[in-house]
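Here are my notes for your first look at this model. Keep the sequence and the 3D view open as you read.

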Amino acid sequence: MIINFFRRLGIALLVIFVVSMASTQAEELKTIRIGVPDQSAGSKPFIGGPLGMAYIRHQLENEFKPKGVTIQWQFFKGAGPAVNEALANRQLDFAYLGDLAAIIGKANGLPTRLLLGSRGSDSYLAATKTSGIKTLADLKGKRVAVYRGTADQLAFDRALQTVGLSEQNMQVINLDWNAGKAALAANRIDAVWGGMSLLALRGDKINIVAKSSDTGLRNTTQAGFFATQEFINRWPQATQQIVNILVRNAAEISDSKNRQSWSAEMAQQSQIPQALFLEQLPPNQLNFMTSPRLDAFLNGSLGSSISQAKNEGLIRSAFDASQWGDDHFVEQALKADHLTKHWPLYNTEGQVMAKD
């Protein structure tokens, strides 16, 4: 009888302790810190996609303010390498990163977990008309700007491989996005490899020669929304709330009826012409490009990028991409908003997987 009493008392005290610890942990969450590369062409900070929509609309602030939690955004002009440095210094809880920067960080011990996918982004080759560059093969011996340490670098090297070239066949100059565009406009280099903002340079003096998807979806750039393992462990519910919002935003962007409204929203914030957002995300690719799921395509593409980074000496050791992601949160968000059938699963080639 006495033993049973103390056993029940011990269980009751344990329950109280666990509840108390959970309450204490909830009270400790005061700030959520999010870091992203600044992709703006103007004076206002900008990041695209579902996360950019959340920033512009103050969705995370509205979600967490009633709980006394503030959202701290950090936009880095130094792109992925600067975001990784902040993660290493434990200054961030979440980050949006392109594949190479995320891979370098993970390979160097950053305890990140991939929560939400971003896929199929094109990179472009812009060249001056006086350079004589009309195809990728014409880059041999030319001066080409690439932003090293970012996802552009891997995409560029993959594109070169399709025509039997490598960076050793040309003079590659490391310039950030804005510096690369300025150097091209001033005719100090022959070509630039980079993102969507290069499309704005098309005109009498500059051509867009190629884009990464010309040689298949596997050669496009993948990215993702990452969290530190520490934050996930301590505040899984807050993690789920953030993912829920981003999945809803992805669903909104995926609806062709919303193309004009969200692209106008992005253009106003970024100072990048609205037409470029519409061109980057064509209606026939909306479902594929907006899928947040950690499927075979995303994992396979990241796995290939990990191997490529290892082979090119960008990282010392490879790791398993399929073990990097935690798809529990995105799949729970899909169920909660009845979106499980909204995005199919895509295979490694970007084709819809057959249903069982």
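Which residue stands opposite Gly224 in β10? Gly117 does.

1. Ground rules. This is a predicted model, where local features need pLDDT of at least 70, side-chain atom pairs count only at pLDDT 80 or more, and totals for chains, interfaces and linings use all residues. Residues are numbered from 1 along each chain as its sequence is written, and side-chain values use heavy atoms, leaving out hydrogens and water.

2. Strand β10 and its partners. Helices (H or I, at least four residues) and strands (E, at least two) are DSSP runs, numbered from the N terminus. Strand β4 (residues 112-121) runs antiparallel to β10, joined by seven bridges. Strand β3 (residues 94-98) also pairs with β10 in the antiparallel sense, over five bridges. Here Phe94 stands opposite Ala227 in β10. Two strands pair if DSSP finds at least two bridges between them.

3. Burial of β10. Eight of the eight residues of β10 (residues 221-228) are buried, so the strand is largely enclosed by the rest of the structure. Buried means under 20% relative accessible area (1.4 Å probe, protein chains only). Thr221, Ala223, Phe225 and Ala227 point one way. Gln222, Gly224, Phe226 and Thr228 point the other way.

4. A helix crossing. The axes of helix α6 (residues 151-161) and helix α13 (residues 296-311) come within 11 Å and cross at roughly 85 degrees. That makes α6 roughly perpendicular to α13 (65 to 115 degrees). Axes are lines fitted to C-alpha atoms, over the stretch in contact, and angles run from 0 to 180 degrees between N-to-C directions. Leu154, Asp157 and Arg158 of α6 meet Ser305, Gln308 and Ala309 of α13 in the contact, meaning heavy atoms within 4.5 Å.

Conventions: Parallel < 35°, antiparallel > 145°, perpendicular 65-115°, else oblique. Buried < 20%, exposed > 50% of the residue type's maximum accessible area, 1.4 Å probe, protein only.
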